[in-house]
Amino acid sequence: MNPRQLEIFRAIMRDGTLTAAANSLGISQPAASKFLHHLEDQLGYTLFDRIGGRLVPTMEANLLFADADRVFREIEALKSLARDIGARKIGLLRLGVSFPVTYSALPKALSRFRRQHPEVKLHLHALPKREIAEALLLGDIDLAVTLSLIDAPTVRSEILSEIPIMAVMRTDDPLASKASVGPADLEGLPLISYGGHAEIGAAMDKAFASYGRQRDVAIQIASSVGAVPLVREGLGIALVDGLGAWHGFDGLTARPFEPRLTMQMLAATNDARPASRFVAPFLTALRAVL
């Protein structure tokens with residue numbers, strides 16, 4: 001049973017006569033009759049009894065019809081899907097995003113993007129930067145959004161925003177009364193921050209050294225989001241990126257770190273892999289939020 005035979009069989013079952021089925025399909029009645037005869041010859045049994053000038057479905061036809069109708073509808077859905085993809089109505093965008101971005105700018109950016117592209121399916125991977133880089137190189141994601149550079153020959157990056165370093169503390173901490181916080185203010189206090197191996201960690205170490213002090217990290221974290229429960233528990237002051245809406249966390253506040261240090265939010269694609277056409281409109285939405 002080929003698709004055309006399936007279409008004609010379904011039309012006859014639906015419309016009741018060869019003439020009505022032929023009219024609904026835009027073909028002649030003899031052509032429809034010929035297709036039906038060929039189908040019955042291939043199957044080896046009769047699908048319709050000719051009674052009083054009408055076609056009455058046999059038991060075999062009724063058994064076939066339910067599945068034949070389902071298959072036909074699935075074919076039609078596939079055709080519609082192919083048309084929609086061609087018309088760029090739907091698609092897929094796979095994102096690899098660092099945790100701080102996921103918990104800050106990303107939701108609003110996705111909201112803006114989906115208003116313009118509601119049919120696009122999104123695969124979101126919130127991962128550490130190392131795993132994001134691996135996924136980008138393997139082609140498992142279309143776009144990476146990180147707070148440090150993915151250094152690889154085929155990766156093309158652009159800076160989206162400069163993110164200042166902030167000192168995050170409890171609202172009842174004495175440092176909350178200051179307009180900004182510097183190395184001298186953090187002397188002797190337990191510090192929650194990135195390790196010295198991180199790009200920003202080295203810059204922080206240098207800033208502390210320029211004031212004759214050492215950045216002594218009591219609790220090392222990989223992502224600023226992890227600092228929230230630690231600061232709330234009174235385990236120290238966090239020196240982290242300013243992406244988080246720190247004032248939105250109950251009991252926490254943030255002050256700019258001086259001297260001013262920044263991290264870069266970057267978008268990266270892999271030129272060695274086919275690019276999703278939805279990368280550009282998503283980045284437009286993300287830039288608008290930033």
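Accessible areas were computed by the Shrake-Rupley method with a 1.4 Å probe, and for residues only the protein chains shown count as cover. On this basis the chain has an accessible surface of about 15,500 Å². Carbon and sulfur atoms hold 53% of that surface. The model is predicted: local features need pLDDT of at least 70, side-chain atom pairs count only at pLDDT 80 or more, and totals for chains, interfaces and linings use all residues. Residues are numbered from 1 along each chain as its sequence is written, and side-chain values use heavy atoms, with hydrogens and water left out.

The chain contains 10 helices and 11 strands (DSSP runs numbered from the N terminus; helices are H or I of at least four residues, strands E of at least two). Its radius of gyration is 32 Å, well over the 19 Å that the globule rule gives for 290 residues, so the chain is more spread out than a compact globule. The radius is taken over C-alpha atoms, and the rule is 2.2 Å times the number of residues to the power 0.38. Along the principal axes, the C-alpha trace spans about 105 × 40 × 30 Å.

Of the 290 residues, 41% are buried (under 20% relative accessible area; exposed is over 50%, partly exposed in between; 1.4 Å probe, protein chains only). Contacts (heavy atoms within 4.5 Å) were also counted by sequence separation. Among those between residues at least 6 apart in sequence, 71% join residues at least 24 apart.

Arg14 belongs to helix α1, residues 3-15. Its relative accessible area is 46%, so Arg14 is partly exposed. The Arg14 side chain makes a polar contact of 3.0 Å with the side chain of Asp15. A polar contact is a pair of N or O atoms within 3.5 Å; within protein, one must be able to donate a hydrogen and the other to accept it, and residues adjacent in sequence count only if both atoms are side-chain atoms. Thr146 is 132 residues from Arg14 along the chain, and their C-alpha atoms are separated by 56 Å.

Asn270 lies in strand β11, residues 262-270. Asn270 counts as buried because its relative accessibility is 7%. Its side chain forms a polar contact of 2.7 Å with that of Thr154. Beyond neighbours within four places in sequence, Asn270 contacts Leu136, Leu137, Thr154 and Val155.

Pro259 sits in the loop between β10 (252-256) and β11. The peptide bond from Glu258 to Pro259 is cis, with omega near 5°. Most peptide bonds are trans.
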